[in-house]
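Take a look at the protein below.

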Amino acid sequence: MSSTTFSPPPPSAGDHPRVLLRGFLSRETCKELEFVHRSCGAAGYRPSVVSTSLPHLAATGCGHLLLPFVPVRERLREAVESFFDCHFDLFIEFTGLISWCKGASIGWHSDDNKPYLRQRAFTAVCYLNNHGEDYKGGILQFQDGDPSSIVPVAGDVVIYTADNRNVHCVNEVTEGERLTLTLWFTRDRAYDEDPKLLNFLSRTSLSCEPTEQNSYIPVPASDNI
């Protein structure tokens, strides 16, 4: 799959830099990620929210389910670095599938609005299902700048800075379930998610019996068939 390149944000976007990328993910990729979430989702960080994080998958013996995320994460990293004209390495701080069920919402905030979130530099939200078909409500709205609101369509991605230049909210989901893949990016290597994932995977692998380690390896077909 070819990567997408972008020009740096125009001067008019300087106050509230963000971009909406239509059709960034294929419908097949959206469905594959949805399957992972339906299989492994757990109670989320807010009421009426269910999440599936990569550390959770790695730590619970589901490392094989990380594979669909690998190309998506790299394409998103490239898109963020290109659009924001990054002259530095970006690290992925968090990757997670998040579903917002009926009643879920969040008020005005920036994604780095807590002391323990200051490392976040950029956000990417990938929509995996369709507003109006799969759920109602759940619209992402920005306090200032354009686009001022995002009506989710499966495969679309919105990328924006995680600071107070992009204060936003999500209005209440009134019906159905809103599903996204969300990534946060950081400039600080200390918050890189990948070493944590490798650590979880190595610990899980070492703790498994040999039969468990091989359980996800396809078995060759019998010569007698």
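## An open sheet of four strands

This is a predicted model. In it, 4 strands build an open sheet, and their order is β5-β11-β8-β9. The pairing is antiparallel. Which strands stand at the edges? They are β5 (106-109) and β9 (149-150). Each has a single partner strand, so one side of each is left without a neighbour in the sheet.

Strand β8 covers residues 140-142 and pairs with β9 in the antiparallel sense. The two are joined over 2 bridges. Leu 140 stands opposite Ile 150, which belongs to β9.

## Thr 52, a residue in a strand

Move to strand β3, which spans residues 49-53. Thr 52 lies in this strand. Is Thr 52 buried or exposed? Its relative accessible area is 1%. Buried means under 20%, so Thr 52 counts as buried.

Which residues does Thr 52 touch, leaving aside its neighbours within four places in sequence? The contacts are His 37, Cys 40, Gly 41, Leu 57, Thr 95, Gly 96 and Leu 97. Two of these residues come up again at the polar atoms of Thr 52. The side chain of His 37 makes a polar contact with the side chain of Thr 52. The backbone nitrogen of Gly 41 lies 3.4 Å from a polar atom of the Thr 52 side chain.

## Asp 163, a residue in a loop

Asp 163 sits in a loop. The loop runs between β10 (157-161) and β11 (168-170). β11 is also one of the strands of the open sheet. Leaving aside neighbours within four places in sequence, Asp 163 is in contact with Ser 110 and Asp 112. Its side chain also makes a polar contact with the side chain of Thr 161. Asp 163 and Phe 122 are 41 residues apart along the chain, yet their C-alpha atoms are separated by 7.9 Å.

| Side chain | Partner side chain | Distance |
|---|---|---|
| Thr 52 | His 37 | 2.7 Å |
| Asp 163 | Thr 161 | 2.9 Å |

## The whole chain

How many helices and strands are in the protein chain? There are 5 helices and 12 strands. The chain has 225 residues, and 46% of them count as buried. Take the contacts between residues at least 6 apart in sequence: 82% of them join residues at least 24 apart. The accessible surface comes to about 11600 Å². Carbon and sulfur atoms account for 53% of that surface.

Conventions. Residues are numbered from 1 along each chain as its sequence is written. This is a predicted model: local features need pLDDT of at least 70, side-chain atom pairs count only at pLDDT 80 or more; totals for chains, interfaces and linings use all residues. Side-chain values use heavy atoms; hydrogens and water are left out. Buried means under 20% relative accessible area, exposed over 50%, partly exposed in between (1.4 Å probe, protein chains only). A polar contact is a pair of N or O atoms within 3.5 Å; within protein, one must be able to donate a hydrogen and the other to accept it, and residues adjacent in sequence count only if both atoms are side-chain atoms. Contact means heavy atoms within 4.5 Å. Accessible areas come from the Shrake-Rupley method with a 1.4 Å probe; for residues, only the protein chains shown count as cover. Two strands pair if DSSP finds at least two bridges between them.
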